[in-house]
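Dear colleague,

I am passing on the structure we spoke about, and I would be glad if you could look it over before reading my notes. Please find it here.

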Amino acid sequence: MTEHVLDDTALLRLAYPYALDAVSAREESAIGARLAVADPATRSAFRDLTRDVRETMALLSSASSATPPPRLRTRVLDAAVRTPQDPPSAGAARSPRFRWLFLAAAAAVITIVALGAPPVPHYGPGPHPDTKTQLRDTW
Amino acid sequence: MDAPTDGLRCLLPSEQLDAARAGETKRLHTLLQRVGHADQDAFAELYDVSAPRIYGMVLKVLRDPGYSEETTQETFLQIWRTAASYDPERGSPLSWMMTLAHRRAVDRVRSAQSGSNRESQYGSKTHNPAYDEVLESVTQRLEAEAVVRCLDTLTQTQQEAVHMAYYGGLTYREVAEKLGVAVPTVKSRMRDGLIRLKKCLGVEAR
């Protein structure tokens, strides 16, 4: 099975799926909690990995660009006129990029709960569907 | 464990690309700063420059033009509201905006997943608008060509894992389940593929 204990190596490996938004909400909380108690070097390594993946994926957007219908431009610009802007700190708090900073308070509890839980919470208890493949492929 | 990834930066006009990216980053950053001060003209310009890339990515994830328009609109309003909080230390403006958009698109996929017949199998009915029709500049065409070439340097399984996660909105565990392979294998494919892609595209480690 996978990470029962989220050590630094396991944590940093999760930076890749995390940066792709490819972790579950529960796992994201566990990562946030773990980062909150990680040493600064680990935290900064995680941040660098995440940032690089996001920069990379952002570049991919040049190959999939598509012109939205003109009405969207009108709608967006009209809506902005009616939408008040957030003060800088409030905006920072909502940024998904570093949401984990704001999960620090729940760190200890979530770490214990999430890391002690079965690794595939969404699919319920019982044998993992790819147990055979897993044995063959684990390395 | 580490796939041989050195020497993969194979692209012809990399200096030109680097210069173009730097120029664009500067331009977007200036626009974001103005947007942060409620400058409507700057917001319109920011929209014109970045909407095709944001909408195109969102459309690739959601596949439904109507939902994609909504999600693109929500993303731009979030950019409008929070532009003053953009911190260049955490990434380029394009990366910041694409991250916001991707997160919204994925949230939408996940909240709609039950009861939806959305087919998220890799390769099926992939929405792929002809990219050359919308590129506004030579620079963007070069960048798009670089992306296509760099994606080609990934193995099929690496491409598949990254694609299913990023454009399919699946978690890495869901990707593993769909492919019927072990979770650590999928994680390695994603990681190795992303490292390779990053090097090939010349994303500098700071």
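Predicted model: local features only at pLDDT ≥ 70, side-chain atom pairs only at ≥ 80, totals over all residues.

**The interface of chain B and chain A**

The size of an interface is often given as the accessible area lost when the parts come together. Here chain B and chain A bury about 7,000 Å² between them, with 59% of that area on carbon and sulfur atoms. In terms of residues, 82 of chain B are in contact with 68 of chain A.

Side chains of opposite charge can pair when their charged atoms come close. Over all chains the structure holds 21 salt bridges, and eight salt bridges are found across the interface of chain B and chain A. Arg81(B) forms a salt bridge with Asp86(A), in which the closest N and O atoms are 3.1 Å apart. Because Arg81(B) lies in helix H3 of chain B, while Asp86(A) sits in the loop between helix H5 (70-82) and helix H6 (88-94) of chain A, this pair joins two chains. The side chains of Arg103(B) and Glu28(A) also meet in a salt bridge, at 3.1 Å from N to O.

Two packed helices are described by the angle between their axes and the distance between the axes.

For helix H3 (residues 65-82) and helix H4 (residues 93-112) of chain B, the axes come within 9 Å and cross at roughly 135 degrees, and H3(B) and H4(B) are therefore oblique to each other. The crossing of H3(B) past H4(B) is right-handed. Among the residues that make the contact are Tyr67(B), Glu70(B), Ile79(B) and Arg81(B) of H3(B), together with Trp96(B), Met97(B), Leu100(B) and Arg104(B) of H4(B). By class, this contact of H3(B) with H4(B) has seven nonpolar, four polar and five charged residues.

H4(B) also packs with helix H2 (residues 40-62) of chain B, at an angle of about 35 degrees and with the axes 10 Å apart; this crossing of H2(B) and H4(B) is right-handed. The contact includes Leu46(B), Ile54(B), Met57(B) and Val58(B) of H2(B), and Leu94(B), Met97(B), Met98(B) and Val109(B) of H4(B). By class, the contact of H2(B) with H4(B) has 12 nonpolar, two polar and two charged residues.

Finally, the axes of helix H1 (residues 14-36) and helix H5 (residues 138-152) of chain B come within 10 Å and cross at roughly 120 degrees, which makes H1(B) oblique to H5(B). H1(B) passes H5(B) in a left-handed crossing. The contact is made by Gln16(B), Leu17(B), Ala20(B) and Arg21(B) of H1(B), and by Thr139(B), Leu142(B), Glu143(B) and Ala146(B) of H5(B). These residues divide into four nonpolar, two polar and two charged.

With kind regards

Notes
Residues numbered from 1 in each chain as written. Chains lettered and ligands numbered in written order. Heavy atoms only, no water. Axes fitted to C-alpha atoms, helices over the stretch in contact; angles between N-to-C directions. Helix = DSSP H or I, 4+ residues; strand = E, 2+ residues; numbered from the N terminus. Parallel < 35°, antiparallel > 145°, perpendicular 65-115°, else oblique. Left-handed = near helix turned anticlockwise from the far one by under 90°. Contact = heavy atoms within 4.5 Å. Nonpolar A, V, L, I, M, F, W, Y, C, P; charged D, E, K, R; others polar. Buried area = accessible area lost by both parts, 1.4 Å probe. Salt bridge = Lys/Arg side-chain N within 4 Å of Asp/Glu carboxyl O.
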